[in-house]
Each structure stands twice: as C-alpha cells, then as structure tokens.
Amino acid sequence: MIKLIHMNFYLEQLQRFDESIKSANDIAIFTHISPDGDALGSSLAIFKVIQEYYKKNVTIFISDKIPKVYEFLPCLDCYKRTDDPHYENKIFDLAIATDVATCERMGKGFVLYKKSKVKINIDHHKSNNNYGDINIVNPHASSASEVVLDILNDLKIELTKEIATFIYVGILTDTGGFRYDNTSQKVLEKAAKLLNYGVSHSELCQKCFMTKEKKALLLTANAILNAKFLLSDKIAYTPITLNDMKKYNAKNEHTDRIVETLRQIETCEVALLFKENLNQTTKVSLRSKTFDVSNFAAKFGGGGHKFAAGLTIQKPLNIAMDLVLGELSKAMKND
C-alpha cells in the first residue's frame, strides 16, 4: 500500500512537472553552490530537454565558478550568474532546482527561485524537506541525475548523446565511479543503457577522476601529512587553512576528494576535512564507512547522505574542530 501511495504521488508530481513546463513562457534552472558533477549534469540535462524537447525559453544559473575538472562539458557558456543585475528584478513563470538539498544551498539563486511563480524541486538527498510547489525527490536514487533520467524515461522523452553524457557524469561522480554504497543494480543497468547513446565510460572516468592539477595534488599531499587521529584511529581528520590555500595557490575545488582519501585508511570509520573560510567560519566535509554522518551533520544544520555529508560551523577553524570532534567522539562511543 505504501509503495502504491508513493507511486501515485510521484505520477501526480510528474504530470504537474510536464504541465508546468508546457504552460510556462520563461523558465529558470538553479543548482547548488560549489557545483559538483551531479549538480552540473542534472541541471544541464534539464536545460537541454526544456530547450530542445519543449522548445521553451530557459535560463540556467550558477552561483560559483565551474570547477576546472568539468570544463570539458559542453554548454557551460550557457550558464548565467545568479548575481547578474540583468536578472535582479526578473520573475520567472517557472523555476527548477536540481540537486539542492536545502534552499540555503542555492546561494544567491534562491532569491530568484523564491520569486518565481511556480517552483520545482528535483533531488535525491534524504534531508530535502520538499521546499518546492512540485517535488520529485527520491532519497533512494544515487544522484539527482538519476532522478532526472527517471523523469525523462517516464515522460518518454528520447535522449540525445549530449543529454545522456550530462546524466552519466552526474551518476558517475556521485557514485564515486560506481564504488559507493549508492551503486545499486538498477543504477548500473541505467548507466549501461546510457552507453547506447554513445557515452564513453573510459573517457569520462579519465576526465572526472584521473586528471588533477599539480596544485590540487600538492594540497592533497599536505592535507594527508597533517592528518590526525582519534578513538584508536577510527576518526581521521585534517585541517586546511587559508595559508595552505595561499601556499599552493589553490581554489575551493582543489579540496575535493581529500576526505575520501582519508576514509581509505584501514582503521578509519569517519573521515573529516575542516576548511578554514575567510569569514571566520569553517566548512566540514564528512565521509564514513558505517556511521550515519548525515544525522550527525543535521545537529549542526548540515546534511547530505548516510555516508557522505557536510556542514558549516559559524566559528573559527580551531574552535570548530574542537566542537565537532568532541561531539563526534561522544556519538561514536554511544553508537
């Protein structure tokens, strides 16, 4: 019965999704700050579908610079900045958010999203609170890109090689190259079907995972050397200071996957990366093997997935580290 209720709700939301696009004149698409492969893949896929299938006027927005690792993707020049004064007073008929767990994660784009007449929310984070007028949120999906793929399949919209590539990049990166626990049989089957559209798995793996800037590699090496351990090495953590970033001329995107490297340590149950910000705040990335870091992150206003989550502490680096590590040690001892 529960599955039937969920399916009926999904079909209702799917119909409203389709009808809303057909009835809108001006459409906007948003994704989260510090965009990753899934944010870019899901938003670009929806953008091209609305442009090519629905033949509608659509604008796609971004709040931050696109990480260099994803510069190979087509259509990146289509993105508009959320702080572009040209759109300051614009009210869109329809706004679509992809891969955005909470409104705050939309950054400056949330102002435009909130003003829009109808709002759609497409996501896969279990912490998503269904903030849209139309919500297609599947916490069991590997990625927002997989949710987008399901939408297109259920609406019988034929994919192009370009759209299939966008979706594949989203699924590939959010599953860690099909290594994380969100890699189900269904995900692998869907990914295999995407290859039929001419998507090159080996080429995308090379570009997404096996190519790094020198500065990123040196920053990673420095972070690993500075790693510390707690609870008989069950907790592994490392700080990245503003001085570290300056020393290696690094950007925020260069901190990606450092925490995953820490998690590889045999004894490690939870890995944390603490990044010092300019405004006396600290960004914390958490990865685990068995411990639910999403529930833990929620205590600090963060969120994410069971084994991959993040949060921001409104405190300087050292204070934030003491606070988070103290609470995590208690939680793991009681787990």
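# Salt bridges, helix faces and a pocket

Me: Which helix holds both Lys207 and Glu203?
Reply: Lys207 and Glu203 are four residues apart, about one turn of the helix. Helices (H or I, at least four residues) and strands (E, at least two) are DSSP runs, numbered from the N terminus. Both residues sit in residues 201-209, helix H7.

Me: What kind of model is this?
Reply: Residues are numbered from 1 along each chain as its sequence is written, and side-chain values use heavy atoms, leaving out hydrogens and water. Local features need pLDDT of at least 70, side-chain atom pairs count only at pLDDT 80 or more, and totals for chains, interfaces and linings use all residues, since the model is predicted.

Me: How many salt bridges does a search of the whole structure find?
Reply: One network links Lys48, Glu52 and Glu162. A search of the whole structure gives a total of 14.

Me: How many residues apart in sequence are the parts that Lys90 and Asp26 tie together?
Reply: Lys90 and Asp26 form a salt bridge, with the closest N and O atoms 2.8 Å apart. Lys90 lies in the loop between strand E3 (79-81) and strand E4 (94-98), and Asp26 in strand E1 (residues 26-30), so the pair joins parts whose separation in sequence is 64 residues.

Me: Is Glu146 buried or exposed?
Reply: Glu146 in helix H4 pairs with Lys190 in helix H6, 44 residues away. Their salt bridge spans 2.7 Å, N to O. Buried means under 20% relative accessible area, exposed over 50%, partly exposed in between (1.4 Å probe, protein chains only). Lys190, at 19%, is buried, and Glu146, at 5%, is buried.

Me: What arc around the axis do the buried residues of H6 cover?
Reply: The buried residues of H6 are Val187, Lys190, Ala191 and Leu194. The arc is that of the directions from the helix axis to the C-beta atoms. These residues lie on the same side of H6, because their arc is only 100 degrees.

Me: Which exposed residues does the face of H8 turned away from its buried side carry?
Reply: Helix H8 (residues 214-225) reaches 17 Å from first to last C-alpha, close to the expected 16 Å at 1.5 Å a residue; that expected span is 1.5 Å times one less than the number of residues. Its buried residues are Ala216, Leu219, Thr220, Asn222 and Ala223. They cover an arc of only 165 degrees, which puts them on the same side of H8. The face turned away carries Lys214, Leu217 and Leu225.

Me: Which element gives the most to the lining of the second largest pocket?
Reply: A pocket, on a 1 Å grid over the protein atoms alone, is an open set of points where a 1.4 Å probe fits, with protein on both sides within 12 Å along at least five of seven lines; lining residues have an atom within 4 Å of a point. The second largest pocket is lined by 25 residues, and His6, Met7, Tyr10, Asn138 and His140 lie nearest its centre. Elements giving two or more residues are H1 (2-23), E6 (134-137), H4 (144-154) and H6 (185-194). With six residues, the most comes from H4.

Terms used: Salt bridge = Lys/Arg side-chain N within 4 Å of Asp/Glu carboxyl O.
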